[in-house]
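Q: I have a model open and would like to talk it through. Can you take me around it?

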Amino acid sequence: MTVPLDTALSYQCFLSDRVRAAKPSEVRKVFRAAQRPGMISFANGAPYLGGLPFDRLAEDAQRILQSRAAEAFQYGASDGVPELRAHIVDIMRLEGIEADAADAVVTAGSQQALDIAARITINPGDVVFAEGPSYAGGMAVFTSYEAEIVHVPSDADGLIPAELERLSAEVRAAGKTAKGLYTIPNFQNPGGVNLSVERRGEVGRICRDQGLLIFEDNPYGLLGFEGQTLPAIQPQFPDITFYFGSFSKMFAPGLRLGWVLPPAAFRGELVKASETAQLNPSVFTQLLMSAYLDDPAWRDTLDTYRALYREKYQTLVETLSAVMPAGTAWNAPTGGFYLWITLPEGLDAEQLVYECIERGAVYVPGTAFYTDGQGRNKMRMSFCLPTLEQIRQGAAIIGEVFREALAS
Ligand code: PMP
């Protein structure tokens, strides 16, 4: 094969079939717009960092560098440093998970944890069920290993178990292999809903009966507005559940730390996959995270966050009630970062986002959260990062654009 290196086409022939087959994402443009100076962004699921004790973190970092630099700046254990894993076990216990520090595997964020779990379980053509709508980045992991996502319809109590059962039978009848269910049971991204406690048991039983793995992705579990936590799915179904946790939303994403608690039988393969991906997670950031968690004050900081997010959520909803066209509906999240909005007939969130961007506010159109083209009249607004004033201004811009579109 002769490759004309100077043409745009040339690089295409080097790409894997897998990458070439991937659909281009319209939504990347939206996220690029969110970075523009002055833009009021409801697009990013980025936490507020203002409440973090950076002076203390600086002291912790200094102490680590003075006393443990040789360890902190060296390669480390591929599954993470023991002291951070001990903290991870304590955190998971808050949601009813009993594990040993030796069971968890630390990763570069839960995004990487999802990637290595998919790497060891997914074959091209496998079906993975996911809530409809679901986290675009999570679905992208599975589709990057050439899985097909099948959405399970959800309501105010999360994904509907009878629908999962029906779709699982349908997939089987079509001769396909269903490999697992990817679910975000708490303060779901983007739907904001919780999978009800009864449904957790039902969903788990269906997965066990149908031979499905459960990928339980839980970065928001500790972010209930009232500090409430729900029991994880993992304790009832430990043999089939990969549980994913993250420090990104409860602390900060900048250290890039998350973890996965796999079913025991999968741990060896998972650690090998993690080694292939990154050898080991950064020891320095793990020690810093661990030092932060050594002081129980981290829970008070989290309380501050939760109260702040509740206030931001309330401000957003109050403003939207005043500015959005009649017939707009939204869910009522009890925690997390996201408001999921359904627009009245005739409004297209994907088309209108560009006009909103022109006027200085951005959200994510609903189509980003489905792999099958659904969601044109839906949108996600993250309320965690903008200030209260920005929330009022940004929502007013969006409301104006939508009212004008409906009137025209
Ligand atoms: N899962 C969900 C549901 C998320 O919303 C995110 C971040 N937006 C992630 C996983 C990835 O988080 P991180 O890699 O920062 O832990």
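The chat below goes from the record to the ligand, the core, the sheets and some backbone details.

Q: What kind of model is this, and how are residues numbered?
A: This is a predicted model: local features need pLDDT of at least 70, side-chain atom pairs count only at pLDDT 80 or more, and totals for chains, interfaces and linings use all residues. Residues are numbered from 1 along each chain as its sequence is written.

Q: Which residues does the UniProt domain annotation cover?
A: The unreviewed UniProt entry has "domain: Aminotransferase class I/classII large" on residues 39-396. UniProt positions are given in the numbering used here, feature names are shortened, and annotations may be inferred rather than shown by experiment.

Q: How much of that span is helix and how much strand?
A: Residues 39-396 are 42% helix and 16% strand, and the end C-alpha atoms of the span lie 14 Å apart. Helices (H or I, at least four residues) and strands (E, at least two) are DSSP runs, numbered from the N terminus.

Q: OK, the ligand. Which residues come nearest?
A: G109, S110, Q111, S246 and S248, out of 15 residues around the ligand. A residue is near a molecule or strand if its C-beta atom, placed from the backbone, lies within 6 Å of it.

Q: Which elements give two or more residues to that shell?
A: Helix 6 (109-121) and helix 7 (136-144). Helix 6 gives the largest share, three residues.

Q: And by class? 
A: The shell has four nonpolar, 10 polar and one charged residues. Here Ala, Val, Leu, Ile, Met, Phe, Trp, Tyr, Cys and Pro count as nonpolar, Asp, Glu, Lys and Arg as charged, and the others, Gly among them, as polar.

Q: Switching to the inside. How many residues are in the largest nonpolar core?
A: It has 102 residues, and A117, F129, V260, V362, Y363 and F383 have the most contacts inside it. Helix 11 (residues 283-294) gives the most to this core, with seven residues. Such a core is a set of buried Ala, Val, Leu, Ile, Met, Phe, Trp, Tyr and Cys residues joined through C-beta atoms within 7 Å. A residue is buried if 20 or more other C-beta atoms lie within 10 Å of its own, exposed if 12 or fewer, and partly exposed in between, with C-beta atoms placed from the backbone.

Q: What does F383 touch?
A: Leaving out residues up to four places away in sequence, F383 touches F42, K312, Y313, L316, F337, L339 and I391. Contact here means that the C-beta atoms, placed from the backbone, lie within 7 Å.

Q: Do strands 3 and 6 run parallel or antiparallel?
A: Strand 3 (residues 127-132) and strand 6 (residues 178-183) run parallel, joined by four bridges. A130 stands opposite Y182 in strand 6.

Q: Why is strand 11 described as largely enclosed?
A: Because four of the five residues of strand 11 (residues 338-342) are buried, it is largely enclosed by the rest of the structure.

Q: Which strands does it join?
A: Two bridges join strand 11 to strand 10 (residues 329-330), antiparallel, with A329 partnered by T342. Five bridges join strand 11 to strand 14 (residues 378-382), also antiparallel, and there Y338 has S382 as its bridge partner.

Q: Where is N331?
A: N331 is in the loop between strand 10 and strand 11. N331 counts as partly exposed because it has 16 C-beta neighbours inside 10 Å. Beyond four places in sequence, N331 touches G191, G192, V193, L339 and W340.

Q: Last topic, the backbone. Where are the cis peptide bonds?
A: One joins G132 and P133, with omega about 5°, and P133 lies in the loop between strand 3 and helix 7. Another joins N189 and P190, with omega about 10°; P190 is in the loop between strand 6 and helix 9 (197-210).

Q: Is L279 buried or exposed?
A: L279 is exposed, with 10 other C-beta atoms within 10 Å. Phi of L279 is near 65°, a positive value in a residue other than glycine.

Methods
Two residues are in contact if their C-beta atoms, placed from the backbone, lie within 7 Å. Two strands pair if DSSP finds at least two bridges between them.
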